[in-house]
Amino acid sequence: MGVAGGVGQAGGVEATGDQDTGERCADGPADGADAAAREAFAEHGAEASLEDVARRAGVGIGTLYRNFPTRRDLFESVYADEVNALCRAAVEVADREPWEALTAWLDRFTGNMVTKRAVREALNDESDIFMACRESMYAAGGPLLVRAQKTGVARADMDFGDLLRMVAGITATAFEDDAQRDRVLSIALDGVRTGR
């Protein structure tokens, strides 16, 4: 299982199971299942049923079970893909000004996670895949906070775990719309920013 080494590397995690993510993507139906699962998890959280995912993907439940024997297997695969995207995003924003890089990555963090509830579960779950995903997120995003702190634009009395939990807590809350969520997140980040 690969773990991201930092902002300068395009690391990430591999999903567990009999096939790796690349093999699943090549299969077609499983690739469609990942997209369908994102939709189902966005609507119903990590408890979305495999039957619903299969229906959305346009495949039979047997095909889905061959690739993902349990709902958790599918969730872990989709979640690992999301975390890998966050690792790539950290590399993409690393050359920006420190505060802009950090907030751009956090924006991706809030926008890329499968569901708000799933993010909270991932930050509290102790399974191997979630531990690897957490390590990858910290290795990718953590240096962005450290750089912002070293340049005096982010408060020094917090660590990356504090920041992620704050943002994850906000994204797990039900909002009227995305604009309200963004406004509340901006208010919270004002408490992180210094030296304006």
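## Basis of the model

The model is predicted, so that local features need pLDDT of at least 70 and side-chain atom pairs count only at pLDDT 80 or more, while totals for chains, interfaces and linings use all residues. Residues are numbered from 1 along each chain as its sequence is written, and side-chain values use heavy atoms, with hydrogens and water left out.

## Overall architecture

The protein chain contains 10 helices and 0 strands; helices (H or I, at least four residues) and strands (E, at least two) are DSSP runs, numbered from the N terminus. Along the sequence the pattern is α-α-α-α-α-α-α-α-α-α.

The protein chain has 196 residues, of which 46% count as buried. Buried means under 20% relative accessible area, exposed means over 50%, and partly exposed lies in between (1.4 Å probe, protein chains only). Among contacts with a separation of 6 or more, 66% are accounted for by residues 24 or more positions apart; contact means heavy atoms within 4.5 Å.

## Nonpolar core

A nonpolar core is a set of buried Ala, Val, Leu, Ile, Met, Phe, Trp, Tyr and Cys residues joined through side-chain atoms within 4.5 Å. The largest such core holds 51 residues, and the members that touch the most others are Leu102, Trp105, Phe109 and Leu163. At least two residues of this core come from each of helix H2 (29-44), helix H3 (50-57), H5, helix H6 (98-112), H8, H9 and H10. The greatest contribution is that of H5, with 11 residues.

## Packing of H5 and H8

Two packed helices are described by the angle between their axes and the distance between the axes. Axes are lines fitted to C-alpha atoms, for helices over the stretch in contact, and angles run from 0 to 180 degrees between N-to-C directions. Helix H5 (residues 71-93) packs with helix H8 (residues 128-150) at an angle of about 15°, the axes being 10 Å apart. H5 and H8 are therefore roughly parallel to each other; angles under 35 degrees count as roughly parallel, over 145 as roughly antiparallel, 65 to 115 as roughly perpendicular and the rest as oblique.

The crossing of H5 past H8 is left-handed. A crossing is left-handed if the near helix is turned anticlockwise from the far one by less than a right angle, and right-handed if clockwise. H5 contributes residues including Phe75, Tyr79, Val83 and Leu86 to the contact, and H8 contributes residues including Phe130, Met137, Ala140 and Leu144. The residues of this contact comprise 14 nonpolar, 1 polar and 3 charged. Ala, Val, Leu, Ile, Met, Phe, Trp, Tyr, Cys and Pro count as nonpolar, Asp, Glu, Lys and Arg as charged, and the others, Gly among them, as polar.

## Packing around H9

H8 and helix H9 (residues 160-171) cross at roughly 105°, and their axes come within 9 Å. H8 is therefore roughly perpendicular to H9. Met137, Tyr138, Gly141, Gly142 and Leu145 of H8 meet Phe160, Gly161, Leu163 and Leu164 of H9. This contact has 6 nonpolar, 3 polar and no charged residues.

H9 and H10 cross at roughly 155°, with axes that come within 10 Å, and the two helices are therefore roughly antiparallel to each other. H9 passes H10 in a right-handed crossing. On H9 the contact involves Leu163, Met166, Val167 and Ile170, and on H10 Val184, Leu185, Ala188 and Leu189. By class, the contact of H9 with H10 has 8 nonpolar residues, with no polar and no charged ones.

## Selected residues

Ile170 is placed in helix H9 and is buried, with a relative accessible area of 11%. Leaving aside neighbours within four places in sequence, Ile170 contacts Phe175, Val184, Leu185 and Ala188. Ile170 and Ala188 are 18 residues apart along the chain, and their C-alpha atoms are separated by 8.7 Å. Phe175 lies in the loop between H9 and helix H10 (178-190) and is partly exposed, at a relative accessible area of 21%. Not counting residues up to four places away in sequence, Phe175 touches Ile170, Gln180, Arg181 and Val184.

Ala54 belongs to helix H3 and is buried, with a relative accessible area of 4%. Ala54 touches Val59, Gly60, Ile61 and Leu64, residues up to four places away in sequence not being counted. Between Ala54 and Ala37, 17 residues apart in sequence, the C-alpha to C-alpha distance is 8.5 Å.
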